[in-house]
Amino acid sequence: MRQEEQAELIRRALALIDSRGSERGEPAVSPVSRYLDPERYAAEVEHVFRRHPLALCPSASLATPGDVLAVEAAGIPLILVRGEDGQLRAFVNACRHRGARIAPPGLASGKRVMVCPYHSWSYALDGSLRGRPHAEDFSHAPAAQCSLARVPVAEALGLVWVQPRVLAEGESGVLDIRAWLGRFGEDLRHWGYDAWQPVHQRSFDNAANWKIPIEGNLETYHFQYAHRDSIAPLFYDNLLVADHDGPHRRIFLPKRSIESLRGLPQHEWQCGPHANIIYFFFPSTLVLHEGDHANVFTVLPLAPDRSRVVASTLVPELPATEKAANYWRRNVESFWGALDEDFALGVSVQSTLASGAQEALHFGATECLSSRFHLDVEAALARP
């Protein structure tokens with residue numbers, strides 16, 4: 001983010017601190033059926049997750065030709081592959097013979113070919129069929145028509161972005177990710193994210209609908225209560241400073257140390273140690289920018305009441321000393337100490353929704369980004 005925009009955010013925050021106010025929107029409700037209905041869940045998978053880019057791993061996880069990562073997103077098994085030409089490609093993890101998964105879950109390195117364990121059909125790193133036993137028996141299935149099914153993919157901000165759907169005939173396999181990430185992507189690019197490296201990665205299943213952790217990360221109302229024993233003392237109570245770019249959001253979270261900037265010339269103001277910034281890229285990727293590093297996670301749907309979280313901590317350069325490694329370790333522990341509190345409360349919310357206690361959840365005026373998020377989901381569901 002350029003210095004002029006940082007200074008403007010700081011001015012807005014200081015004005016709200018002086019007035020003891022907060023930015024606000026319209027209160028709203030969210031029907032409980034949004035978190036329980038199997039038919040709605042299936043529609044969200046199809047119309048929300050398979051039609052928008054998702055950040056699935058750091059680019060550096062697939063840094064070398066022959067690196068292969070098998071993951072699943074929105075019910076689609078995927079293979080992400082760094083080709084011999086250095087290009088990243090994504091395919092459906094399904095052999096074109098009888099549909100068996102070619103690669104087991106997780107990361108493998110040094111691959112020159114991908115071989116199906118069922119009948120040993122083999123594929124080059126560009127997805128083309130390289131060989132198959134008794135090839136003469138498949139005159140009805142020419143090799144040129146048996147390449148792995150391609151999936152749109154791109155790299156940006158140190159991350160691999162995938163749209164989990166099979167490419168249409170003649171469609172490019174490269175996402176226009178720069179256009180999709182918009183002005184907030186430019187913020188992060190200005191800080192050098194394209195070259196940032198993962199210092200920590202984590203993934204886990206979460207016993208809550210995918211929307212619940214998104215809601216929790218789009219509001220500050222809970223800070224002083226949910227995080228009273230962790231990060232709450234660092235921040236102001238229920239102070240919302242937010243910007244919008246289409247369905248994407250940017251939330252500026254000033255720390256109490258921001259007061260120290262009042263005596264400095266505004267051209268010297270930097271968010272740096274005095275604020276965190278949450279970037280939300282629709283539908284389910286969040287980037288918490290903490291000045292010298294970032295914590296990134298994407299929430300993926302598994303069932304109406306279950307989701308999976310894939311996360312990484314990105315830094316400008318990998319630690320070269322034990323002191324640096326310990327510094328990042330402490331930051332990771334601090335982040336997950338607070339975020340695990342959020343996820344536990346989200347699981348608590350999900351556990352009550354089928355009880356019949358209420359028909360809708362309530363969002364207050366400072367929780368307006370959560371309600372706007374639901375409007376964006378509804379808009380995606382309504383598109384042809």
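C368 is buried, its relative accessible area being 9%, and its sulfur is 20 Å from the closest cysteine sulfur, that of C271, which is too far for a bond. A disulfide is taken here as a pair of cysteine sulfur atoms within 2.5 Å, and by this rule the count comes to zero disulfides. Another cysteine, C57, is also buried, with a relative accessible area of 6%. The model discussed throughout is a predicted one.

**Overall form**

The protein contains seven helices and 20 strands. Its radius of gyration is 22 Å, close to the 21 Å that the globule rule gives for 384 residues, so the protein is as compact as a globular protein of that length. Taken along the principal axes, the box filled by the C-alpha atoms is roughly 80 × 55 × 35 Å. Of the 384 residues in the protein, 52% are buried.

Strand 18, which spans residues 294-303, is mostly covered, since nine of its 10 residues are buried. On one side of the pairing, strand 17 (residues 285-289) runs antiparallel to strand 18 and is joined to it by five bridges, with T285 standing opposite T298 of strand 18. The hairpin made by strand 17 and strand 18 has four residues between the strands, and in this hairpin G291 takes a positive phi near 85°.

Strand 18 also pairs with strand 19 (residues 306-315), again in an antiparallel arrangement, and here nine bridges join the two. A294 has L314 in strand 19 as its bridge partner, and the hairpin formed by strand 18 and strand 19 has two residues between them.

The peptide bond joining F282 and P283 is cis, with omega about 10°.

**Backbone and burial at selected residues**

Two residues other than glycine with a positive phi deserve a separate note. A74, whose phi is near 55°, is found in the loop between strand 3 (68-73) and strand 4 (76-82). L157, with phi near 60°, is found in the loop between strand 11 (153-156) and strand 12. Strand 12 itself (residues 159-162) contains W161. In space, W161 and A90 are 9.8 Å apart from C-alpha to C-alpha, while 71 residues separate them in sequence.

| Residue | Relative accessible area | Class |
|---|---|---|
| W161 | 0% | buried |
| L157 | 1% | buried |
| A74 | 3% | buried |
| C57 | 6% | buried |
| C368 | 9% | buried |

Each of these entries can be read against the cut-off for burial, which is under 20% relative accessible area.

**The cavity**

Rolling a probe the size of a water molecule over the atoms shows where empty space is left. In this structure there is one cavity of 30 Å³ or more, and the volume of the largest cavity is about 50 Å³. The lining of the largest cavity consists of T220, F223, F235, Y236, L239, L253 and P254. Sorted by class, this lining has six nonpolar residues, one polar residue and no charged residues.

Notes. Residues are numbered from 1 along each chain as its sequence is written. This is a predicted model: local features need pLDDT of at least 70, side-chain atom pairs count only at pLDDT 80 or more; totals for chains, interfaces and linings use all residues. Side-chain values use heavy atoms; hydrogens and water are left out. On a 1 Å grid over the protein atoms alone, a cavity is a set of points where a 1.4 Å probe fits but cannot get out, and a pocket is an open set with protein on both sides within 12 Å along at least five of seven lines; lining residues have an atom within 4 Å of a point. Grid points are joined across faces, edges and corners, and a volume is the space filled by probe spheres set on the points. Ala, Val, Leu, Ile, Met, Phe, Trp, Tyr, Cys and Pro count as nonpolar, Asp, Glu, Lys and Arg as charged, and the others, Gly among them, as polar. Buried means under 20% relative accessible area, exposed over 50%, partly exposed in between (1.4 Å probe, protein chains only). Two strands pair if DSSP finds at least two bridges between them. The radius of gyration is taken over C-alpha atoms; the globule rule is 2.2 Å times the number of residues to the power 0.38.
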